[in-house]
Amino acid sequence: MIRTGGLEIREEGATPTAGDMTLYIKAGPDGKSVGDCPFAHFVRMVLHEKNLDYTLTPSTQETKPNWLIDHYGGSMPALRHRKECYVESDVIAQYLDFFFVEPKLSPYKKKVMSEAAECTDGFFPAVARYLKHTPDGDERDVELRGDLEDALTKIEQQLDRDGRTGDYLVGDGEQFTLLDCSLAPKLYHLTTGLRAFKNDAIDVKTIFPLLAKYMEAIFNRESFKETLYPEETIVWGWSNARGN
């Protein structure tokens, strides 16, 4: 067995089969409920889309299993599939999409997927910098808001491309993909954080109408709704990051 960036790669053996999966994720404020991690939400959406059963284990630093801390630095989300473990949300998602094909969440050519992914580069870091910044409304805050608006513009332009006829991000927009699963939780953090901390300083519906319509589509997806955690949990998480 070879471990690469949290991914254990079989040198030989049978193709993985469904069953006996446990997903370790950040716990909420009570130490037991689902926490606010958008990367864990991403993985849960993929699992739901593929109709894969799994045990969900919200964990704190104190309740993480020792093997997760010793061998993976305690990184979460972490998917334990029988004797193997996978960390980093992108690695987990790619593993699930490769071995559990239906429905395929990378249905477009690799180049098309990669080009679409470029529009999200830097988006969540821009969200994090803006939401964490205090005091709200100072000169630096305005600069960070501008950086976030630039990142949102890239997504709006992707949604406005020629040939897009469906609701989603990649290619013609007709098929739901891993990129939609990844982006949806981050947009949920954006909308909640803007309302809770920034007095809705960015009017997404007015400035980015295609993005607003896209959010409506992905937020209505069953895999999003069935893996949702309360807005209060997001506020709790960012309040900690802001030092509140």
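Which residues does T177 touch, not counting residues up to four places away in sequence?

**View 1. Contacts of T177 in the predicted model.** T177 touches L105, P107, Y108, M113 and V170, with residues up to four places away in sequence left out of the list. T177 sits in the loop between α6 (139–159) and α7 (178–197). The relative accessibility of T177 is 0%, so T177 counts as buried. The cut-off for buried is under 20% relative accessible area.

**View 2. Helix α6, end to end.** The helix has 21 residues. At 1.5 Å a residue, α6 should span 30 Å. The end C-alpha atoms of α6 are 31 Å apart, which agrees.

View 3. Buried residues of α6 are D141, L144, L148, A151, L152, I155, E156, Q158 and L159. An α-helix has 3.6 residues a turn, so residues three or four places apart point the same way.

**View 4. What covers the buried residues of α6.** The cover includes α4 (110–118) and α5 (123–132). It also includes α7 and α9 (209–219).

**View 5. Residues 1–12 and model confidence.** Mean pLDDT of the protein chain is 93. Of its residues, 94% reach 70 or more. Over residues 1–12, pLDDT stays under 50. For this segment the model has 29 contacts beyond four places in sequence. Where pLDDT is low, the predicted coordinates should not be read in detail.

Definitions and conventions
Residues are numbered from 1 along each chain as its sequence is written. This is a predicted model: local features need pLDDT of at least 70, side-chain atom pairs count only at pLDDT 80 or more; totals for chains, interfaces and linings use all residues. Side-chain values use heavy atoms; hydrogens and water are left out. pLDDT is the predictor's confidence in each residue, from 0 to 100. Contact means heavy atoms within 4.5 Å. Helices (H or I, at least four residues) and strands (E, at least two) are DSSP runs, numbered from the N terminus. Buried means under 20% relative accessible area, exposed over 50%, partly exposed in between (1.4 Å probe, protein chains only). The expected span of a helix is 1.5 Å times one less than its number of residues.
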